[in-house]
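Subject: Structure handover

Hi,

Here is the structure I promised to pass on, with my notes below it. Have a look first, then read on.

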Amino acid sequence: MWKEFKAFALKGNVLDLAVAVIIGAAFGKIVSSLVDDIIMPIIGLLVGGVSLNSLQYTHGDAVLKYGAFLQTVVDFFIIAASIFMFVKLLGKLKRKGKEEARAEEEPPAPTREEELLTEIRDLLKNR
C-alpha cells in the first residue's frame, strides 16, 4: 500500500496540483491584503471617509455586515481577473511555442507524384 501511495503522490500531476494549491493560497492572502489595506480604504475615502468593511445594518440582535460582503466581492473580482489574465498569457505563450516549433520543422519530403510532376515540368522547360 505504501508503494502505491508513493507512486500516486509522486506523479507529476499530483505534485503540480499541490504546488498550485499552495501558491493559490498565498496569492489569495496577497489579494486579500491588497483589497483590505489599499483598495477599500481608497474607495472609502472617495465615498466620504467611510470604512466599507464596517458598514452594517442592525435590526435587534441581527447584524447584516454588507460592507464585509462588498469587500469579499471585490476580492473575488480581483482574483478572477488575475487568473483570467494569467490563463490568457499562458495560452498565448503556448500558441507562440507551437508556432515556433512548426517553423523549425523541415518541410515534408515531396511525394513520388510531386517528384514526377517536377521532372515533367523541367523537361517541358528544356524544350
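Let's start in helix H4 (residues 112–126), where Glu-115 and Arg-112 sit three residues apart, so about one helical turn separates them; helices are DSSP runs of H or I with at least four residues, numbered from the N terminus. Their side chains form a salt bridge, 3.5 Å from N to O (a side-chain nitrogen of Lys or Arg within 4 Å of a carboxyl oxygen of Asp or Glu). Arg-112 is exposed at 54% relative accessible area, while Glu-115 is partly exposed at 33% (buried is under 20%, exposed over 50%, partly exposed in between, with a 1.4 Å probe and protein chains only).

A word on the basis: this is a predicted model, with local features needing pLDDT of at least 70 and side-chain atom pairs pLDDT 80 or more, while totals for chains, interfaces and linings use all residues. Residues are numbered from 1 along each chain as its sequence is written, and side-chain values use heavy atoms, without hydrogens and water.

The structure has two salt bridges in total. Arg-121 and Asp-122 make up a pair at 3.2 Å, N to O. Arg-121 is partly exposed at 45%, and so is Asp-122, at 33%.

Which residues line the largest pocket? They are Ala-20, Ile-23, Gly-24, Phe-27, Ile-79, Ser-82, Ile-83 and Phe-86. Helix H2 (12–46) and helix H3 (66–104) are the elements that each give two or more residues to this lining.

Happy to talk it through!

Best wishes

Key:
On a 1 Å grid over the protein atoms alone, a cavity is a set of points where a 1.4 Å probe fits but cannot get out, and a pocket is an open set with protein on both sides within 12 Å along at least five of seven lines; lining residues have an atom within 4 Å of a point.
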